[in-house]
Amino acid sequence: MSLNTPLKNLPRVTPKYAQALAKLGLLTVRDLLFHLPARYDDFRRTVALLEEYLEQTVTIEGRIIKAKNIRTWKKRMTITEVFIMDDNEIEMKAVWFNQSYILDSLIVGSTIRLSGKLSMDDDVFSMSNPAWERSARDATNTGCLVPIYPETKGLTSKWLRWQIKILLEAAREMPDVLSAELREKYHLYDIFTALTELHFPESREKLLRAQKRMAFQEMFLVQLQTQKIKKDWAGKKSLSIVFDEKLIQSFVKKLPFTLTDAQRKSTFEILKDLEKPQPMNRLLNGDVGSGKTVVAAVAALQVVSAGHQVAIMAPTEVLAKQHFESFCELFKDYDFNIALLTNSYKLLNKKSELNSDSELSSDFLALAIKRDELLDEIKSGEINLIIGTHALIQKDVAFKNMALVIIDEQHRFGVAQRAALQQETASINDGAKKTIPHLLTMTATPIPRTLSIAFFGSLDLSILDEMPKNRKPIITTVVAPEENHKIYALIKSEIKKGRQVFIIFPLIDESLSATMAEVKAATTEHQRLSEKVFPEFKLGLLHGKLKPKEKEEVMQKFKNREFDILVSTSVVEVGVDIPNASIMIIENAERFGLSQLHQFRGRVGRGAHQSYCFLFSQKKSERLRTLEKTNDGFVIAEADLKLRGPGQFFGVVQSGLPDITMENLTNVKLIKFAQEEASAILKVDPQLKKHPPLADALQKFSEHIHLE
Ligand code: ADP
Ligand code: MG
């Protein structure tokens, strides 16, 4: 038998078991050994039968004095009833239901161990459905930390324990992914010890050490992978765009505000990247409202002025249109041609052709144009700046000389999607087919530091951790149900002063998003508020079932103050700027994560007025109070990471990393060490030729894990 032996070839594995194992993707001995417990039952306390242990989980050892099966006709059940006697001659009854076959193994006179909750039944100690085994056996199912495997049909943990215990021997000669030096340096178990302790831990301490070893290994592979991607990317060629200090200074001077230090620093980092002949791959991470747009604009200005094209992409049409408006405004003094290209919009802001009766009557001027014509103008290079959804680079749009792609993802894209976008970007070329564009990604989800090191190792980071000075912090209050009426009164007075209000409510079941149930809930809530609470005001409604055009219309109406209040489900992207909205209400706030609540809150506080956020909550929760105390998205993200784990931040779930790694993502030291060691090893052995087990593991890892 070896690690590669198919499980179905083992004598104990019947075809039925083989099938169940295959369902879990467990085909070889190696697979089964790496099928790790989800949790452990602690049956380590072996005690005498005493009343003080009632209602506790314990292990009792005793001699069987009676054993029989009882059939109950009424309930159509077989009860197996066994009496044992411990060293002090105290009796205990154990019962099992519908497992009559176990009676054959329960031989009167033999000694057994039973683990479970001790209770009292008619003045006799008892246990129902205890785990048990003969005392002569090693403690595997009783009397120790007993592994419980992820539940699956047809495979019991007891069966798995038995198999794994036998197969573990095969791991003794397993090549170790982590070298002996590395293990020694960080006091990590070798792989055989780690697996042994994970399946059959001798103590909590040893179990923890084993878990740490596995987490380190996974994080080490993550780091190797991201650093390789980074190297690959750096091996490509990009246009080097010279930093024109005068140009940038005159642009910055004309802005109606001064840049924050964080904006200045980020801008500089980006301009420096653009000068290099290797493509930039940078993530600009800053809270909602931290001013990412103007940073992107400086980069775009530099590239367009050097004679190249720039693409800017947003996750939705509404946001793309908002960017189009912002950029037209920011570049109104420049002779740039800016286009908006999405399914619904084909707009062109072409300086030479604009006249007074242009298509759009809002704050900026643009012409509607046919798609074909627009595509021609993009291809010829007539258009300098192209704004759209990310379909822009996925579809068949040809550019003349695209040198910079900016992706404003808000918080929409998962890790895997982002990797795909990076690929798409790499496939765009400058027309001369020699270089690929620089890539700037912007995200509005403040990402905790440990997570960005762990997952964005292949990206350079610029962080906007400072809000523009003119911002008044949003006043946030957690509101108990009996106080709602006070808030409603406040809303009424604010609306009378001319302000507008968002009301967000969660879906009962998030999986029902954009289904009829959502529409119904949204409509009901809208009706209740319109009729019962705010009959004197006009209320708009947004939900996921609306078509993009309809959503856009509702948002536009809200922006034009045709509604006083916008009621919206949480699934709707309300990333549009409504400077006049000063109150955000979130119903059933306890259902959301802190980071998500903070994102909603960011929709207000964009204008000159004092803004408020009210978190309606059934339960008084300390967790929600974090939002009362701070407006700093990075602080909130750290708190959220500790409370709810990393899953919520960017669909890490899709990355396919095992639970052990996920649990260790708050462990800064572990991540740092893994990063250092990965870079050290790649420096001397980039192909991992001297580390075959590691090269092997990395190959397998990269096949099923997607990273930046
Ligand atoms: P986000 O990071 O959410 O994309 P925006 O770029 O939309 O933020 O900026 C939000 C608002 O703040 C915009 O109206 C913008 O003009 C303004 N703004 C940006 N930077 C500054 C600054 N340094 N001082 C004052 N206002 C600023
Ligand atoms: Mg933005």
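**Salt bridges and a buried threonine**

Reader: At 22% relative accessibility, which class does Glu466 fall into, buried, partly exposed or exposed?

Author: This is a predicted model, in which local features need pLDDT of at least 70 and side-chain atom pairs count only at pLDDT 80 or more, while totals for chains, interfaces and linings use all residues. Residues are numbered from 1 along each chain as its sequence is written, chains are lettered from A and ligands numbered from 1 in the order in which they are written, and side-chain values use heavy atoms, with hydrogens and water left out. Buried means under 20% relative accessible area and exposed over 50%, with partly exposed in between (1.4 Å probe, protein chains only). Because its relative accessibility is 22%, Glu466 counts as partly exposed.

Reader: Which residue meets the side chain of Glu466 in a salt bridge?

Author: A salt bridge is a side-chain nitrogen of Lys or Arg within 4 Å of a carboxyl oxygen of Asp or Glu. The partner of Glu466, at 3.4 Å from N to O, is Lys469.

Reader: What is the relative accessibility of Thr140?

Author: Thr140 sits in the loop between β8 (131-134) and β9 (145-148). Thr140 counts as buried because its relative accessibility is 9%.

Terms used: Helix = DSSP H or I, 4+ residues; strand = E, 2+ residues; numbered from the N terminus.
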